[in-house]
Amino acid sequence: MSYYIIRSRLNNLRIDVPSKQHLETGTPATAWLAKTWSDQLWYDHPDTGTIRWKKTDHCLDLEDDIVVVNPYCHGNTGQLWRRDGLLIRQGSNPSQVIRIEENFIPGAKVTAGRESGSVSEQFDFLRVPGLDEPYERRTFYVVSEYNSRMVLDVRRERATAGTDVIVWPKKSRSQSKNQLWYFDTRGVIRSALNDLVIEAQYGSSAKMATHERHACQEWTFVEQGLISKTGECLELSEDDVQDGSPVYSAKFYDNPNQRWRLEFV
């Protein structure tokens, strides 16, 4: 895998993601001066047809005409981008390309629109020598916004299907494999402990399961909630949350006990 910097031919600014402790869903990409490589490194993910930010594996995504970064979501055509010469072209709509707002001020917007031939649509892709490496998945904690002490946890580090998914206080990275998760190439959340997926029918508690592509197993992250293809979310009971409390599948109302964030390691 090769990492590269995306430098605009209009103004020499680079496509960048603002540095934050917790990257919010839908954070806009910006054009910025050269700075720390980790904020400006990108790579192609051929299995999904996406361009991803090295720091967290978030994808370039399109919301209206603004280019943002989001966790990978299978079926989201706004995340399909490919390099084509000097252009970044949308995979599902090849006439659509990424462009930089036509000014020379750091922080210029990164947008997308129909290809016009403007230099604002042209980029140099500067490969960074010495950083090529095999693809390594990025893992993360799923942290409750209702009780920030708690993260999703596979009970007692059991690696078998049927094990309960609970919340537990966050452990150190060296001790927390049962609390670490990752996105597979389809955008489904899997456990780093056992590569199993979360399964939860409406109203039932969550458990680990072998992936059979049932809708109740296709959990991904959307706007502060873990949402499955059924349109449900994972929630904590609003009663006293304790170490080992279960999580349930429920209809999404954007209640505080239904909100989560990803914390990459």
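Is Arg261 buried or exposed? Arg261 counts as buried, at 16% relative accessibility. Buried means under 20% relative accessible area, exposed means over 50%, and partly exposed lies in between, using a 1.4 Å probe and protein chains only.

Some ground rules come next. This is a predicted model, where local features need pLDDT of at least 70 and side-chain atom pairs count only at pLDDT 80 or more, while totals for chains, interfaces and linings use all residues. Residues are numbered from 1 along each chain as its sequence is written, and side-chain values use heavy atoms, with hydrogens and water left out.

Back to Arg261. Its side chain meets that of Glu263 in a salt bridge, at 3.1 Å from N to O. A salt bridge is a side-chain nitrogen of Lys or Arg within 4 Å of a carboxyl oxygen of Asp or Glu. Glu263 is buried too, with a relative accessible area of 18%. Salt bridges that share partners join Glu145, Lys170, Arg261 and Glu263 into one network.

How many salt bridges does a search of the whole structure find? The search finds 15. One of them joins the side chains of Asp124 and Arg9, at 2.9 Å from N to O. Asp124 sits in strand E13 (residues 123–127), and Arg9 sits in the loop between strand E1 (4–8) and strand E2 (14–16), so this pair ties together parts that are 115 residues apart in sequence. Strands (E, at least two residues) and helices (H or I, at least four) are DSSP runs, numbered from the N terminus. Asp124 is buried, with a relative accessible area of 17%. Arg9 is partly exposed, at 42%.

Another salt bridge links the side chains of Arg99 and Glu121, at 3.0 Å from N to O. Arg99 lies in strand E11 (residues 96–100), whereas Glu121 lies in the loop between strand E12 (108–114) and E13, so the pair ties together parts that are 22 residues apart in sequence. Glu121 is buried, with a relative accessible area of 1%.

Now turn to Gln179. This residue is in the loop between strand E16 (165–169) and strand E17 (181–183). Gln179 counts as buried, at 0% relative accessibility. A polar atom of its side chain lies 2.9 Å from the backbone nitrogen of Lys171. Leaving out residues up to four places away in sequence, Gln179 touches several others, including Phe140, Tyr141, Trp168 and Lys170. Contact here means heavy atoms within 4.5 Å.

Ser191 is found in strand E18 (residues 189–191). Ser191 is buried, with a relative accessible area of 0%. Neighbours within four places in sequence aside, Ser191 is in contact with Val154, Leu180, Trp181, Tyr182, Leu196 and Met208. From Ser191 to Met150 is 41 residues in sequence and 16 Å in space, C-alpha to C-alpha.

Last come the cysteines. A disulfide is a covalent bond between the sulfur atoms of two cysteines. The cut-off is a pair of cysteine sulfur atoms within 2.5 Å. How many disulfides does the structure hold? The structure holds 0 disulfides. Cys59 is in no disulfide, and the nearest cysteine sulfur, that of Cys73, is 9.5 Å away. Cys59 is buried, with a relative accessible area of 0%.

How values were computed: A polar contact is a pair of N or O atoms within 3.5 Å; within protein, one must be able to donate a hydrogen and the other to accept it, and residues adjacent in sequence count only if both atoms are side-chain atoms.
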